[in-house]
Every structure is written in C-alpha cells, then in structure tokens.
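Q: Please take a close look at one part of the structure shown here, and then follow it into related detail.

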Amino acid sequence: MEFPADEEVLAHGFRFRPGWWTPRVSEGWGDFLEQLPAGDRGYRTITRADLLDTANSHGLPQALLAGYVWGTGSSAFLVGRRARVFRDNGSRRVEEALAAVAETLRRGNTDDAYTSMLRGHQYNLKHLGPSFFTKFLYAVDAHGREPGRALILDQFVAVALKTVDGWDISRRGPWDPSTYAKWIDHAHGIATVDGVRADAVEMAYFNHGRKVAARR
C-alpha cells in the first residue's frame, strides 16, 4: 500500500457550503466555517489541516463540527441526519462531554477516551458513533498538525483492515475498545517502519477501503 506524503495528508479536503451547517448548530459554533477558503457558488474547502487546527484555534464543539463537515464534504443530503447530534444534545451537554473527553486524552488515556464516547458510556452523545467521534479524538489529540496517538476509524478503514490484513471486523461497527486500540497500534507500527505519519497510514487505508466498497 502506498502512503501519501505529508503535504497530501494535510491537503486532504472537501468542498461544502457553511449554510448547510450553521443553522443546525449552537450560535457561534459555525462561525469559523466562513473563514475557510472560498470557492465558487458559495462553496468553501475544509482540509485535514483545518480539522487539526480547529480545537486549538476555535474550541472543542467546533472540532466536533469540523469533523462532521470534513467527513460529509459535498454530500449535502447527509447533513440533516448527521447534524442531529447538535440538535438532540443540549449545547451544555455537548460542551461538558467534549471537555471531559479532551482531558482524558491530555492524560494520555486514548483508549479510555474512546470507550467513554461509546453508546452506554458516560460521555456518549446521542447519534454520535465512532466514525465521527474518532475524528474528534484525532483532532484534539494532535500536536499542532502532527497526529497524536488517536486516529480515525470509520467504515472504509474497517473495509481495508478486513481486505488487506484479514481482520474479523464489521464494516459498520460499532467497534469495541480493543479493536480501536489494535488499529491505532497497527497504524503507528506501520508508520514507524515506513517512516511516515500515522495519519498517512489511516488515509491510505481509508482510500483503499473506499475503492473496495465502491466495487461492491
């Protein structure tokens, strides 16, 4: 599997319209979206670099929102369903849960942070599953624009883990904490051997899994 260069990882981005999201979140949470590079017809572009910047530059709810915007891209038809996490959880609940999870990450407890956001656990938010809360973990755990231990695990990464490495892993999840821990150990191990960023490994798995899924 070929791994992207650092510049390609950070430039990994998608087009969207801020107006799809800002009416669906608490006042002020989406303001940063208007600061992203503008294109034609009201579109803007959000990159992986922007996702990594958001927690420090704008705040934790904004980092969660950035993960949703980046992960949804130009698929406007998905916005209403995905934005339910902001509609059906009060802003205070969202802020308190994200702050607690961020503190767990700062203490180096990545696996505990993941576990705490799963359904039935203390900091789970309604409608928020691992595909999107791992984007939040990844953004908050980063050191500047360098990844920390936390990485994204979504359906396409899962497909690649099954097809490339033969893992017994479901495409849709949810994935238990031991599976997440195994994945990030696996990705960081590959990164160390190949001399690449850990999120370059994640991006390569994502790209491969998306191609496999498109052929099915």
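Which residues gather in a patch of positive charge on the surface?

A: The model is predicted, so local features need pLDDT of at least 70 and side-chain atom pairs pLDDT 80 or more, while totals for chains, interfaces and linings use all residues. Residues are numbered from 1 along each chain, and side-chain values use heavy atoms, without hydrogens and water.

The positive surface patch gathers Lys 162, Arg 210, Lys 211, Arg 215 and Arg 216 (like charges joined within 9 Å, over 30% relative accessible area, no salt bridge). Helix H11, residues 198–215, gives the most to this patch, with three residues (a helix is a DSSP run, H or I, of at least four residues; a strand, E, of at least two). Arg 216 lies in the segment after H11 and is exposed, at 63% relative accessible area (exposed is over 50%, buried under 20%, 1.4 Å probe).

Trp 21 and Tyr 68 form a tilted pair, because their ring centres are 6.4 Å apart and their planes stand at 45°. This pair links distant parts of the chain, 47 residues apart: Trp 21 is in the loop between strands S1 and S2, and Tyr 68 is in helix H3. Trp 21 is buried at 0%, and Tyr 68 is buried at 2%. Tyr 114 and Tyr 180 are stacked, 4.3 Å centre to centre with 5° between the planes. Since Tyr 114 lies in helix H7 and Tyr 180 in helix H10, their pair ties together parts 66 residues apart in sequence. Both Tyr 114 and Tyr 180 are buried.

Definitions and conventions: Patches are made of residues with over 30% relative accessible area and no salt bridge: like charges are joined within 9 Å, nonpolar side chains (Val, Leu, Ile, Met, Phe, Trp, Tyr) within 5 Å. Accessible areas come from the Shrake-Rupley method with a 1.4 Å probe; for residues, only the protein chains shown count as cover. A salt bridge is a side-chain nitrogen of Lys or Arg within 4 Å of a carboxyl oxygen of Asp or Glu. Lys and Arg count as positive and Asp and Glu as negative; His and the chain ends are not counted. The place of a charge is taken as NZ of Lys, CZ of Arg, CG of Asp or CD of Glu. Rings of Phe, Tyr and Trp (its six-membered ring) pair if their centres lie within 6.5 Å; planes under 30 degrees apart count as stacked, over 60 as edge-to-face and the rest as tilted.
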